Amino acid sequence: MAVTTLRVVLGDQLSGTLSALSDLDPTRDVVLMAEVMDECTYVPHHLKKIVLVLSAMRHFAHALAAKGVRVRYVRLDDPTNTQTLRGEVRRAVAALKPHRVVVTEPGEYRVISDMRDWTEDLEIRPDIRFVCSIADFRHWASGRTSLRMEFFYRDMRRRTGLLMTPDGEPEGDRWNFDAENRKRLPPGLPIPPVAGFPPDGLTQAVIDLVRQRFTQGFAEVDGFSFPVTAGDAETALADFIANRLPGFGDWQDAMRSNAPTLFHAVISPALNIGLLDPLQVCRSVEAAWRRGHVALNAAEGFIRQIIGWREYIRGIYWLKMPEYGALNALNATRPLPEFYWNGATKMACIRHVVGQTRRHAYAHHIQRLMVTGNFALLAGLHPDAVDEWYMAVYADAYQWAEMPNTRCMALFADGGIVGSKPYAASGAYINRMSDYCTGCAYDVKQATGPAACPFNFLYWDFIARHAERFASNVRMAMPLRNWQRMAPDRRDAIRARAAEFLAEMDAPPPL
Ligand code: FAD
Ligand code: SF4
């Protein structure tokens, strides 16, 4: 029978509600899914991310086929695979001769630019799996002088009705309980484990394939346990709500060396490939608060991450691309040190975060922002190199989410669109929020001399390097004043130690 429509489903579009599938006719349409090398290698992805995406694609294709849908599924090791999305669409069009090709807009600018060349009869549909459409975000942003997340978030609360009273006021009379969400973790506090999903036969076949084909990728596939189906992702969410959400608010910013996930949800790998629906996730969390299972600061803190930060970050990405990808407001030029890949550094905080990232393809927000991101900001690492690293190492990395967080929130490369000031911090912040400094080779109390914590002298060196730029930023007035009040010989010693440390980092002595 003639094929009416070829429906292309990409690796991060594994949702039953996908716009490209909305009018699917199982008797006349074909769904195309292709595992291609091009997508697996455009950055050296963490091997667990490759396993996650390929396994979830295979499970999704099986579920469609079980409903009677015709699926043209191209495996990575298929000898006829052209290994590009464009090549696979063109091959399918030549073989099936559909009347039209339908796809949902991708999550990365790189892919949409390529997509426009796929075939003449291509219909690109909006991605309706977000709470705020790209068009609505543009409308919200138009004419505003400040695009701060907080104002967007309040609009989203009103629009969704989440945590709102029947009178249209925020529950608890406040929009934001962030001030209550920065507690230090009491030593010995038990941390509930994250639900794991041991590989089934389909996933094991993918693990074998990945081991065979990707010898150069970051880290290892051992211990893969991410959910790869919508059902398992729901189970993971339920486990988070039951066991970790109650502690999410209070200890959201805390870090502990033997507990990589703490009270976080660890749902971004599943959410970003479409196994969970963001609004449903928020409704489940709201319901947990309404039935008295969690405090308001936990529910609000979590919901803000999704309808606030996640939606805002995506909106900013599509508003500002492609120019956004080249921003470098602080003119940072330093190459990425090797220890971002191998963790071989005396800085215990970086060693821990890189180590857990290699093992789990996961770090929580504060580890990404205030440890590896903060170091990259203070040391002046080039945004392209830092972007590539964050894209490569996390299981949830897709450019729409990764780039505004890295380039702009962590590196301030947009000069202040996302944040009003850089998230620069000395070792004191890391010491307050973690146990990393106990047992570190450096002393977090010192800012000069060979034993000084690098975050301390690099922090002041950063302030000094950019003093002129930050002079007009009221939120940077205090650190600038503190730097200017410091005794000249102390300032010289700090800057000399920073120069020495950075020179050694750029050209490490031979082992
Ligand atoms: P939780 O802390 O439990 O939060 C719940 C959910 O909120 C997350 O799953 C995520 O979907 C959402 N969320 C929270 N903060 C953000 C944010 N700033 N931007 C987008 N979503 C957010 N997130 C990604 O999904 N992909 C990335 O590639 C990515 N890169 C990042 C790079 C840097 C430098 C930084 C600072 C943050 C990055 N984030 C990224 C945001 C955030 O760190 C992760 O979403 C979060 O750590 C995922 O873990 P979780 O599911 O346990 O999150
Ligand atoms: Fe990190 Fe400095 Fe603490 Fe060491 S002393 S763990 S380098 S913040």
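Domain 2 (134–194 + 244–320) and domain 3 (339–506) each supply at least three residues to the shell around ligand 1, with domain bounds from an automatic or database domain assignment. The model is predicted, so local features need pLDDT of at least 70 and side-chain atom pairs pLDDT 80 or more, whereas totals for chains, interfaces and linings use all residues. Residues are numbered from 1 along each chain as its sequence is written, chains are lettered from A and ligands numbered from 1 in the order written, and side-chain values use heavy atoms, without hydrogens and water.

The shell holds 28 residues, of which H264, A265, V266, N272 and Y362 come nearest; a residue is near if one of its heavy atoms lies within 4 Å.

| Protein atom | Ligand 1 atom | Distance |
|---|---|---|
| A265, backbone N or O | oxygen | 2.8 Å |
| H365, side-chain N or O | oxygen | 3.1 Å |
| D396, backbone N or O | nitrogen | 3.0 Å |

The protein covers 99% of the 810 Å² of accessible area that ligand 1 has on its own (Shrake-Rupley method, 1.4 Å probe). Helix α12, a DSSP run of H or I with at least four residues, gives the most to this shell, with six residues.

On a 1 Å grid over the protein atoms alone, a cavity is a set of points where a 1.4 Å probe fits but cannot get out, and lining residues have an atom within 4 Å of a point. The largest cavity has a volume of about 420 Å³, the space filled by probe spheres set on the points. G11, D12, E39, V53 and Y398 are the closest to its centre among 28 lining residues.

How values were computed. Polar contact = N/O pair within 3.5 Å; in protein donor to acceptor, adjacent residues only side chain to side chain. Helix = DSSP H or I, 4+ residues; strand = E, 2+ residues; numbered from the N terminus. 1 Å grid on protein atoms, 1.4 Å probe; cavity = no way out; pocket = protein on both sides within 12 Å on 5 of 7 lines; lining within 4 Å.
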